[in-house]
Amino acid sequence: MDYCLLLPFTLGISLLWPCFMATEISQTEEVKHPADSHLRVKRGWMWNQFFVPEEMNKTNYHIGQLRSDLDNGNNSFQYKLLGAGAGSIFVIDERTGDIFAVQKLDREERSLYTLRAQVIDSTTGRAVEPESEFVIRVSDINDNEPKFLDEPYEAIVPEMSPEGTLVIQVTANDADDPSSGNNARLLYSLLQGQPYFSIEPTTGIIRTSSKMDRELQDEYWVIIQAKDMLGQPGGLSGTTSVLIKLSDVNDNKPIFKESFYRLTVSEAAPTGTSIGKIMAYDNDIGENAEMDYSIEDDSQTFDIITNNETQEGIVILKKKVDFEHQNDYRIRANVKNRHVDKQLLKYHVEASSTLIKVQVEDEDEPPVFLLPYYLFEVFEGRPHGSFVGTVSATDPDQRNSPIRYSITRSKMFSIDDNGTITTTNALDREISAWYNLSITATEKYNVQQISAVPVYVQVLNINDHAPEFSEYYDTYVCENADPGQGLSF
């Protein structure tokens, strides 16, 4: 092998390496004719180094040669190598000064070795020249593929985002030397994810390239490739995957699944009773799916509230109903989202509505008296069976059951099925001037349905008693009394 350059590390020792590995020569050097086998350089020269390609598979790869200017070729000089890797990684031919690499080198493990050289006179055992230092640099080859160090990647972007919206930036690392050609210069590309996403080749920034609807698909797997050598053929590559999830925006209004609901309520139901549920569906999620129900025309009889857990509409009774007065109602319910951003109002222009028919169920109610109480008058001394008065109760239900009447615990009065009250004994005002009665009305077809009403009977006085003295009087008069003279008691 021809050598064209010798670099001294002492006054008399020179380094030689093949021309294709030579580096720039200092302006202070003295160059002999190229035909000379050696090159003498001034002591002020600073570059004392060899270059070795990493991953070189050749056994005993020749790196260069150490040669003393005092060496006259009589084989009396002995060259020695000291320092890191000497004897294990690097060896020297002690006679010729040729340096060899006996192991494969990896720049990513170590890129520079600092060694020392000695030249010894084998006949005397003394150093011919002072020990000197030089370096062996491991030059880079493209033997490392790009690696994504922060995976797995996951990103979230709002659905319906405009084209060009930033999603995430991915970064790959290449262990090769960034200053060595294009070995560590990367280009990013999209292997999977079109047409929804794009990536900037030099930065690894992923952006949206079309609008996406979360309700159609809520997540995407994107595969990214990083290739060194600026993507040129022969470059190495690495891949990573990015899970991109679409977050929800309120772009859907709630819709009633049913256009008509049938509900029932008993006329006996108290105010506040829940009479049924209705349900609207919203394709959005979370807060965007929260909704409020309402009834059109501000109904006085019914109201509707939202169950915040299930988002159902609960129809409640606002005022008691009466089957006999009105046995069915038709109301219309509306629904709308609770939270709507101004920029999304276009999706919520018209609220969804549904019709609700409420059927009132007839309950078997007890008889109802026409009056809350009754007051009758009857003269004392009337004979048995005398008329006192009439009470009247009716069945409020549709079937209008016949009514039976009775008087609770009374020996003085009786009542017939028509509600007519008569006396059963002669009444004496001087014994009792008032009677408080309780009249019971019972449905014939359901004896469990009973109601009662108070009846007050006043016994009126008649002149049925002659005056009486309060005590017996014993009188006397004198035999000679004059006419008109008073009696004595």
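Let's start with Glu215, which is partly exposed because its relative accessible area is 22%. The cut-offs for that word are these: buried means under 20% relative accessible area, exposed means over 50%, and partly exposed is in between, with a 1.4 Å probe and protein chains only as cover. Keep in mind that this is a predicted model, where local features need pLDDT of at least 70, side-chain atom pairs count only at pLDDT 80 or more, and totals for chains, interfaces and linings use all residues. Residues are numbered from 1 along each chain as its sequence is written, and side-chain values use heavy atoms, leaving out hydrogens and water.

Glu215 forms a salt bridge with Arg214 (a salt bridge is a side-chain nitrogen of Lys or Arg within 4 Å of a carboxyl oxygen of Asp or Glu), and the closest N and O atoms are 2.9 Å apart. Side chains of opposite charge can pair when their charged atoms come close. Arg214 counts as buried because its relative accessible area is 11%. By this rule, the count comes to 12 salt bridges.

Now look at Glu159, in the loop between E12 and strand E13 (166–169). Strands (E, at least two residues) and helices (H or I, at least four) are DSSP runs, numbered from the N terminus. Does Glu159 count as buried or exposed? Glu159 is buried, yet has no salt bridge. The nearest side chain of opposite charge is that of Arg214, 4.2 Å away; for charges, Lys and Arg count as positive and Asp and Glu as negative, while His and the chain ends are not counted. Contact means heavy atoms within 4.5 Å. Leaving aside neighbours within four places in sequence, the contacts of Glu159 include Arg214, Glu215, Asp248 and Asp284.

Asp248 and Gly286 are 38 residues apart in sequence, but their C-alpha atoms are 8.4 Å apart in space. Gly286 lies in the loop between E22 and E23, and it counts as exposed because its relative accessible area is 55%.

In that loop you also find a partner for Arg338. Glu290 forms a salt bridge with Arg338, with the closest N and O atoms 3.8 Å apart. This pair links distant parts of the chain: Glu290 sits in the loop between strand E22 (274–281) and strand E23 (291–295), and Arg338 in the loop between strand E26 (328–337) and strand E27 (352–361), 48 residues apart. Glu290 is partly exposed, at 24% relative accessibility, and Arg338 is partly exposed too, at 31%.

Asp292 meets Arg338 in a salt bridge as well, at 2.8 Å from N to O. Asp292 lies in strand E23 and Arg338 in the loop between E26 and E27, so the pair ties together parts that are 46 residues apart in sequence. Asp292 is partly exposed because its relative accessible area is 28%. Elsewhere, salt bridges that share partners join Arg107, Glu108 and Asp140 into one network.

Next, find Ile168 in strand E13. Ile168 counts as buried because its relative accessibility is 17%. Ile168 and Ile205 are 37 residues apart in sequence, yet 5.9 Å apart in space, C-alpha to C-alpha. Again leaving aside neighbours within four places, Ile168 is in contact with Tyr153, Glu154, Ala155, Gly204, Ile205, Ile206 and Val242.

Most residues other than glycine have a negative phi, and most peptide bonds are trans. Which residues are joined by a cis peptide bond with omega of about 5 degrees? They are Glu151 and Pro152, and Pro152 lies in the loop between strand E11 (147–148) and strand E12 (153–158). Another cis peptide bond joins Gln194 and Pro195, with omega about 0 degrees. Pro195 is in the loop between strand E15 (187–192) and strand E16 (197–199). As for phi, Met229 has a positive value near 60 degrees, in the loop between strand E18 (219–227) and strand E19 (237–247). Arg409 has a positive phi of about 50 degrees, and it is exposed because its relative accessible area is 81%.
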